[in-house]
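Welcome, and thanks for taking a look at this chain with us. Here is a short briefing on its contacts, surface and helix packing.

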Amino acid sequence: SAAPVGGAELLFDGVKKHQVTLPCQPEPWDIRNLLKWIKQNMLKERPELFLQGESVRPGILVLINEADWELMGELDYKLQDQDNVLFISTLHGG
């Protein structure tokens, strides 16, 4: 039987894991630019459920290589090749 889908996966057409190759640009990619790219290229609908301003909404936990992004500089964290960025919705419908 299919597992229920909830949280952030709904925003990405039910796909939980994406392997993405970001286009080359003169400046290193940081999380701020990654979120803009995700909004333009991957969020199929209702981006406001994922993003607020230029950051993620409150209630979405961001892990970079399994560490809390608050320890990594949040939006200013410079992405490295093969980084694993995980978005976890901590909000549950009630």
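Residues 24 or more positions apart account for 52% of the chain's contacts with a separation of 6 or more, a contact being heavy atoms within 4.5 Å. Please keep in mind that this is a predicted model, where local features need pLDDT of at least 70, side-chain atom pairs count only at pLDDT 80 or more, and totals for chains, interfaces and linings use all residues. Residues are numbered from 1 along each chain as its sequence is written, and side-chain values use heavy atoms, leaving out hydrogens and water.

**Layout**
- The chain holds 1 helix and 5 strands, in the order α-β-β-β-β-β from the N terminus.
- Helices (H or I, at least four residues) and strands (E, at least two) are DSSP runs, numbered from the N terminus.

- Helix α1 (residues 31-41) has I31, L34, L35, W37 and I38 buried, that is, under 20% relative accessible area with a 1.4 Å probe, protein chains only.
- Viewed down the axis of α1, these buried residues fall within an arc of 160°, so they line one face of the helix; the arc is that of the directions from the helix axis to the C-beta atoms.
- They pack against β1 (51-52), β2 (55-56), β3 (60-64) and β5.

**Burial and surface**
- Of the 94 residues in the chain, 27% are buried.
- The accessible surface comes to about 6,700 Å² (Shrake-Rupley method, 1.4 Å probe), and carbon and sulfur atoms hold 50% of that surface.
- I88 lies in strand β5 (residues 85-89).

How values were computed: Buried means under 20% relative accessible area, exposed over 50%, partly exposed in between (1.4 Å probe, protein chains only).
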